[in-house]
Amino acid sequence: MILISLAALINAIWQGLLTREHNKLSVKPSIVIHKNLVKVGTPGFIMKNIGIGPAYIKKISCRVDGDPVLQKGKTGIKPALDKLGIKDPFFDLINYYELGETDELGDVALRAGGEEELISYKSEIKEGETYDRFIAAMKRLEINVKYESFYGEEFIG
């Protein structure tokens with residue numbers, strides 16, 4: 001009788017652990033950074049959540065020519081653009097993303113299947129010195145995103 005009870009207890013604990021692991025996997029986010037440097041579409045960087053759960057963005061870090069960019073706050077995009085020499089009035093042609101609005105947990109959430117333009121060239125004219133400067137600068141830039149799942153697991157994408 002005790003043996004059967006012990007086996008039932010072990011089975012219940014095992015099932016609980018499997019259920020918890022399944023729940024974690026069923027809401028796991030997966031962030032990818034897509035760099036588009038061709039004339040088709042919008043040139044720049046897009047952050048996509050190709051996972052099946054929300055991603056809570058903790059930090060966006062950048063590297064220029066392989067060197068980390070000192071960031072202010074949660075994102076290094078503006079300092080990276082400054083380091084690349086992309087400044088006003090050039091900014092009139094560029095949109096860039098800064099972590100701003102947060103959810104009740106204090107994080108920016110990117111839903112499953114969602115995407116956000118991190119840096120984009122907003123002019124329809126995709127030729128000339130300004131465009132060429134933008135593409136050359138983007139080739140020197142690398143962006144990484146630190147994010148968490150609903151269960152607090154940390155990832156870098």
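Trainee: What makes the largest nonpolar core a core, and which residues have the most contacts inside it?

Mentor: In this predicted model, the largest nonpolar core has 31 residues. The term applies because such residues are buried and joined through side-chain atoms within 4.5 Å. Those with the most contacts inside the core are Ile57, Ile119, Met138 and Leu141.

Trainee: Which elements each supply at least two residues of this core?

Mentor: Among them are the helices α2 (77-83) and α3 (129-139), along with the strands β2 (44-49), β3 (55-64) and β7 (115-121).

Trainee: What is Ile119 in contact with, leaving aside its neighbours within four places in sequence?

Mentor: The list includes Pro43, Gly44, Phe45, Ile77, Leu81, Phe134, Met138, Leu141 and Ile143. Each counts as a contact because heavy atoms lie within 4.5 Å.

Trainee: Why is Tyr121 called buried?

Mentor: Tyr121 has 4% relative accessibility, and the cut-off for buried is under 20%, so Tyr121 counts as buried. The same test covers Phe134: at 0% relative accessibility, Phe134 is buried as well.

Trainee: How many aromatic pairs does the structure hold?

Mentor: There are four aromatic pairs.

Trainee: Why is the pair of Tyr121 and Phe134 called tilted?

Mentor: The ring centres of Tyr121 and Phe134 are 5.1 Å apart, and a pair needs centres within 6.5 Å, so these rings pair. Their planes stand at 40°. Stacked requires under 30 degrees and edge-to-face over 60, so the pair is tilted.

Trainee: What parts does the pair of Tyr121 and Phe134 tie together?

Mentor: Tyr121 is in strand β7 and Phe134 in helix α3, so the pair ties together parts 13 residues apart in sequence. Ring pairs also link Tyr121, Tyr131 and Phe134 into a cluster.

Trainee: How do you know that β2 and β7 pair?

Mentor: Five bridges join β2 to β7. Pairing needs at least two bridges, so these strands qualify. They run antiparallel, and one of the bridges has Met47 with Glu116 in β7 as its partner.

Conventions:
Residues numbered from 1 in each chain as written. Predicted model: local features only at pLDDT ≥ 70, side-chain atom pairs only at ≥ 80, totals over all residues. Heavy atoms only, no water. Buried < 20%, exposed > 50% of the residue type's maximum accessible area, 1.4 Å probe, protein only. Helix = DSSP H or I, 4+ residues; strand = E, 2+ residues; numbered from the N terminus. Phe/Tyr/Trp six-rings, centres within 6.5 Å; stacked < 30°, edge-to-face > 60°.
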